[in-house]
Amino acid sequence: MRPDEILPHRPPFLFVDEVDDVVPGVSARGRWHLTADKPFFPGHFPRRPTWPGVLLVEALAQLGGIAVLTDERYAGKLPLFGGIDKARFRAQVTPGDTLELETTMDKLGSTAGRGTGIARVQGKVACETTMLFVVVKM
């Protein structure tokens with residue numbers, strides 16, 4: 001499945017390239033291939049381009065959105081960030097890396113939920129977080 005078939009996000013703000021596995025309303029696994037052509041690299045950071053941590057969390061949230069939106073109970077709705085808890089950045093992520101994304105919904109109600117996400121590069125944890133979200137009508 002293509003992420004743009006599920007999510008309303010579009011480039012340049014679509015941060016999931018491939019969806020490998022989805023259990024609707026439960027979990028999802030996917031990837032984001034990181035390229036060096038992004039306009040923020042000259043300033044983040046000169047001579048050592050580093051992928052911004054906030055974008056790693058956004059990629060996990062988007063993958064979580066795929067897990068939620070593939071559940072028929074949430075058809076035509078939009079999950080929005082409600083909060084980010086316990087975000088940890090454990091490894092530098094650079095252009096050329098492939099981010100392996102994994103999300104799991106810990107709690108999912110009719111209007112809100114909580115999930116966890118882990119982003120890895122070559123099997124090494126780069127980012128992990130707990131995300132809170134609300135679900136609204138489009």
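These legends accompany several close-up views of one predicted model.

Residues are numbered from 1 along each chain as its sequence is written. In this predicted model, local features need pLDDT of at least 70 and side-chain atom pairs count only at pLDDT 80 or more, while totals for chains, interfaces and linings use all residues; side-chain values use heavy atoms, with hydrogens and water left out.

**View 1**
Helices (H or I, at least four residues) and strands (E, at least two) are DSSP runs, numbered from the N terminus. Along the sequence the pattern is β-β-α-β-β-β-β. The radius of gyration, taken over C-alpha atoms, is compared here with a globule rule of 2.2 Å times the number of residues to the power 0.38. The protein chain has a radius of gyration of 15 Å, close to the 14 Å that this rule gives for 138 residues, so it is as compact as a globular protein of that length. Its C-alpha trace spans about 45 × 30 × 25 Å along the principal axes. Buried means under 20% relative accessible area, exposed over 50%, and partly exposed in between (1.4 Å probe, protein chains only). Of the 138 residues, 40% are buried. Contact means heavy atoms within 4.5 Å. Among contacts between residues at least 6 apart in sequence, 61% join residues at least 24 apart.

**View 2. Six strands form an open sheet with antiparallel pairing.**
Two strands pair if DSSP finds at least two bridges between them. The strand order is β1-β2-β4-β5-β6-β3. β1 and β3 (77-89) stand at the edges with a single partner strand each, so one side of each has no neighbour in the sheet. Neighbouring strands are turned by 20° against each other on average, direction ignored. Axes are lines fitted to C-alpha atoms, for helices over the stretch in contact, and angles run from 0 to 180 degrees between N-to-C directions. Helix α1 lies across β1, β2, β3, β4, β5 and β6, and runs at about 55° to β4.

**View 3. β4, β5 and β6 are linked by two hairpins.**
Three residues separate β4 from β5 in their hairpin. Nine bridges join this antiparallel pair. L108 has G113 in β5 as its bridge partner. The hairpin of β5 and β6 has two residues between the strands, and Q122 takes a positive phi near 50° there. β5 and β6 run antiparallel and are joined by 10 bridges. I118 is bridged to E128 in β6, and G117 stands opposite T129 in β6. In a regular strand the side chains alternate between the two faces of the sheet. The covered face of β5 holds G113, G115, G117, A119 and V121. Its uncovered face holds A112, R114, T116, I118 and R120.

**View 4. The largest nonpolar core holds 28 residues.**
A nonpolar core is a set of buried Ala, Val, Leu, Ile, Met, Phe, Trp, Tyr and Cys residues joined through side-chain atoms within 4.5 Å. W32, W51, I66, V93, L99 and L101 touch the most other members. Two or more residues come from each of β1 (18-23), β2 (27-33), α1 (53-69), β4 (98-108), β5 (112-121) and β6 (124-137). α1 gives the largest share, nine residues. A second, separate core has five residues, including V68, Y74, M105 and F133. In soluble globular proteins, nonpolar side chains tend to be buried together. Leaving aside neighbours within four places in sequence, L101 is in contact with residues that include F15, A28, W32, L60, L63 and I118.

**View 5. Q62 of helix α1 makes polar contacts with F13 and F15.**
Q62 counts as buried, at 1% relative accessibility. A polar contact is a pair of N or O atoms within 3.5 Å; within protein, one must be able to donate a hydrogen and the other to accept it, and residues adjacent in sequence count only if both atoms are side-chain atoms. A polar side-chain atom of Q62 lies 3.0 Å from the backbone oxygen of F13. The backbone nitrogen of F15 lies 2.7 Å from a polar side-chain atom of Q62. Not counting residues up to four places away in sequence, Q62 touches L7, H9, F13, L14, F15 and V16.

**View 6. T104 sits in strand β4.**
T104 counts as partly exposed, at 29% relative accessibility. Beyond neighbours within four places in sequence, T104 is in contact with V26, S27, G115 and T116. T104 and A67 are 37 residues apart in sequence, and their C-alpha atoms are 8.1 Å apart in space.
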